[in-house]
Every structure is written in C-alpha cells, then in structure tokens.
Amino acid sequence: MGSGETSPTMTKVHRSLLARLGPAPVPAVVLDTPVGFQENADDVTARAVAYFRDSVGQELGVATYRSAEEADPVDYETALARLREARYVFAGPGSPTYALQQWQGTQVPDVLRDKLRHGGCVTFASAAAVTLGRWSVPVYEIYKVGQAPHWLDGLDLLAEAELCAAVIPHYDNAEGGTHDTRYCYLGERRLSLMEKQLTGNEFVLGVDEHTACIIDLDADTAAITGHGTVTLRRRGESTQLPAGITVPLQQWREGAEHTGPAAATLVSDAPRASRSEAEARPGAEREATGAMPASGESPFMAGVQRCQQQFDEALSSGDARAALKAVLELEDLMVAWSHDSFGTDEPDRARAALRAMVTRLGETAEGGLRDPREVVAPFVDALLEARERARSEERFDDADAIRNRLVDAGVEVQDRPDGTGWEVGELT
C-alpha cells in the first residue's frame, strides 16, 4: 500500500485479503518495528489496532519488536511466535532504514518468507513497503539528512514472486508544493541518479498514495486497487497501471508490461462503487470519500473541501437543514479517518474547517437564514393593496395610517411613478 493503510480508502482491501485467508477470526498481527524508534510508538500501534477492530472488523494482535538492542530473548521469541501464528501480518509507518537495521540478523525476514510460501498474507504499507524489494530507499537519510542518493539492501520478499524490484510508496506525493516530492520524497533528479546504480532487469515498483498493489503468488498476478495507479519504471521509462486491473506477473519479469488496447492480458476488476453509492454508506462503512482527488490533494482533504462546498451552497440558498447536514458529514468524515497515521497537518485543517462552519451557522442563526422580505411579503402586499384601495377611494387618512404602521414595523414604502414598491429595513 502506498499510504492510507489505516484510512477508509484501504478498509475494503484489508477486508478482502482477510476473507481469502479462511473463516473469521483470522490470526492477524501488526509488526511494530518500523515505528519502534518513535516516542509515540504506543499510540501509533494502538490506532492501528483500533482501526482494524472498528473499521475492518478484525481483532489485531501486536508482534512487538522495536529494538534489537533493547529486546531480551523472551521479547524476541515472543515476537517471532506471534508472527508465526498469524496468517495476516501488517506493518506501516515509521522508518524503513530503522526497520531493516532491527531485522538484520534476525529470523523476522525468514518468518515472513515462510508465511508467503505456506499460506498467509504480508501487507506492508508506507515505510514498511519500502523494505519489501531487493533494494530499499533510505528516505529520511536522503530527504532530511542530505546523504547522497543510494540504495540499501531490502528484505527482498518480492523474490518470492520472482521479481527483482525496489518498492517506492507515496509515489505521487505532492506535499512539496514548490519542490518535487514524488517518489517517496526523492523527486525526479535523485531517483534518476539512483536508477543509474541499478543493473540488469531491475525495476522500480511505484505505488501511489491511497493505492494498493496486491501480488497473488498462487495466481501469479498483480491487482491494482484504490485511488491512484501503480507505476513500473525501468531506466527512466514508466508504465502506469490504473486501478481496477489485474496483470500477469510474467509481463513484469520480461519487462513487457503495457496497458494499451493491445494488452489483451489485462483483466478488468468489478466496477467500483460510484460516488453516490459510496456516500450512501454510513460513517466507517465508507470505503470511498467522493470524487477522485485532484493532483496533490489527499482523499481526506477532498472530502473536507466537498463538505465545505456543500455548506457554502446551503447557506447561500438559505437551506439550514442542508447546512447542518454538511457539518455532520464533516464530523463523520473526521471520525472515519481518526485512525489514520497522518503525516501532515490535515486533521488540524479539518478541525478548523469544522469550527468555522459551526461558527458561521451560529452567526447566521442570529439573523435568520430566510430573507426577511420573503417572510413578510404576503402581509405587506395585502396591506399595500388595502392602502391603494383607500387612496383610490380618497380615504387618504386611512392610506396614511397604513403607510405609517408599515414604516413603524420597519417596512419602507416607496411610491414611484411606475407603482408602489417596498424594502425591509430593521423589522420591529
């Protein structure tokens, strides 16, 4: 998974993979090594467990192995036992370099390989996904520390599929704004330099954010699902594989992948739910968040902006119920994404949007959403008809009395050559 591993966008993927492993409950664990160096490792792991329980409907154990230096033999053997017992192993955010360092010289890679050979599923996302290939990107060391672009040895679990590749998640990342952060923050210049260090038929397997590449060893296929694409890049030349297709892995081994009309071997998956169908599902059951996000925009923020637009339109049309509905939908969206391991300020931006909407709704309530003219029009028109009748009958005292009462009530009567008009001032 390129990202979004504990967000609504990947809930359906987790469910479908777990369903293939036998009847519930499927033994499943989160391997917490990639995040083990972080001070909030407990919180990140707890969010993953809560996400699988609340959104996926799966109880998740924890295979804890955060530090090779600090773990005693009991901790180490306990983590291995939990990995061996699990049929579904999940790992996500953190540092790929740190994870590889902790796993070096341990039985963790062998246990994962054995799981793939004898029936199981390894679902690695974000930082953990970087470790799956023959080569791995030292993301922080290059992007944050400034080391020269280089590769690290990876777990090479893709060798079980006879693929020699480097996995790069966050492939379409656009957080940099003014600078290139595609390819998991490498950008084009640095990735090009690293490609020159590869030889033979090695390739880059790029997975976009909120996208999954499901490699099925039994069927010898790769299926693409989610919001983005999977990219196969060889020596600077890229082939994009859109979500909704399944391809034979032999194409990748031979370097013959393509997605044009002549690609008779591509198999379309079942069509994904439309926006309206996805929105009809309540809260955590939503596997989609609406229209496909624009480039550089996460599905979560696309949902936030959609709620804001619906709110603005509701206020403009004076529809209080629709405005309240937009507020509640934004709150539902925030709850559905609450387990995600955000790496940005998106939760703060969503909260700010929600507070702004509530504030505006309160301000509008003070003055009322409906146009005062719309409310009093039937009464004013009736009185003006009575005034016009009094004037035509030369009952000017009655006509003036009606006009004065309207003015006192905040209605300005305007006698013009083309007829009588009126405006609402300060109603009393």
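## Helix 3 and helix 5

The axes of helix 3 and helix 5 (residues 108-118) come within 9 Å and cross at roughly 10°. Axes here are lines fitted to C-alpha atoms, for helices over the stretch in contact, and angles run from 0 to 180 degrees between N-to-C directions. That angle makes helix 3 roughly parallel to helix 5 (angles under 35 degrees count as roughly parallel, over 145 as roughly antiparallel, 65 to 115 as roughly perpendicular and the rest as oblique). Helices (H or I, at least four residues) and strands (E, at least two) are DSSP runs, numbered from the N terminus.

Leu80, Leu83 and Arg84 in helix 3 meet Val108, Val111 and Lys115 in helix 5, where contact means heavy atoms within 4.5 Å. The residues of this contact divide into 4 nonpolar, no polar and 2 charged. In this count, Ala, Val, Leu, Ile, Met, Phe, Trp, Tyr, Cys and Pro are nonpolar, Asp, Glu, Lys and Arg are charged, and the others, Gly among them, are polar.

## Basis of the model

This is a predicted model, in which local features need pLDDT of at least 70 and side-chain atom pairs count only at pLDDT 80 or more, while totals for chains, interfaces and linings use all residues. Residues are numbered from 1 along each chain as its sequence is written, and side-chain values use heavy atoms, with hydrogens and water left out.

An open sheet of 4 strands has the order 2-1-3-4, with parallel pairing; two strands pair if DSSP finds at least two bridges between them. Strand 2 (61-63) and strand 4 (121-124) stand at the edges with a single partner strand each, so one side of each has no neighbour in the sheet. From one strand to the next, the twist averages 25°.

Strand 3 (residues 88-91) is joined to strand 4 by 4 bridges, and Tyr88 stands opposite Cys121 in strand 4. Helix 2 (residues 41-56) packs on the sheet, touching strand 1 (28-31), strand 2 and strand 3, and its direction makes about 135° with that of strand 3. Helix 3 also packs on the sheet and touches strand 1, strand 2 and strand 3; its direction makes about 130° with that of strand 2.

## The nonpolar cores

A nonpolar core is a set of buried Ala, Val, Leu, Ile, Met, Phe, Trp, Tyr and Cys residues joined through side-chain atoms within 4.5 Å. Buried means under 20% relative accessible area, exposed over 50%, and partly exposed in between (1.4 Å probe, protein chains only). The largest core has 42 residues, of which Leu31, Phe124 and Trp252 touch the most other members. Helix 3 (residues 73-85) gives the largest share of this core, 4 residues.

Leaving aside neighbours within four places in sequence, Leu31 is in contact with residues including Ala63, Leu83, Phe90, Trp103, Val108 and Phe124. Apart from this core lies another, of 22 residues, among them Met1, Val26, Tyr51 and Ala125.

Helix 4 (residues 96-103) is mostly covered, with 7 of its 8 residues buried. Among the buried ones are Tyr98, Leu100 and Trp103. Just after helix 4, Gly105 takes a positive phi of about 80°.

In strand 8 (residues 203-207), 5 of the 5 residues are buried, so the strand is largely enclosed by the rest of the structure. Phe203, Leu205 and Val207 point one way, and Val204 and Gly206 the other way. Strand 7 (residues 165-168) runs parallel to strand 8, joined by 4 bridges, and Ala165 has Phe203 as its bridge partner. With strand 11 (residues 229-234), strand 8 pairs in the antiparallel sense over 4 bridges; there, the partner of Leu205 is Leu232.
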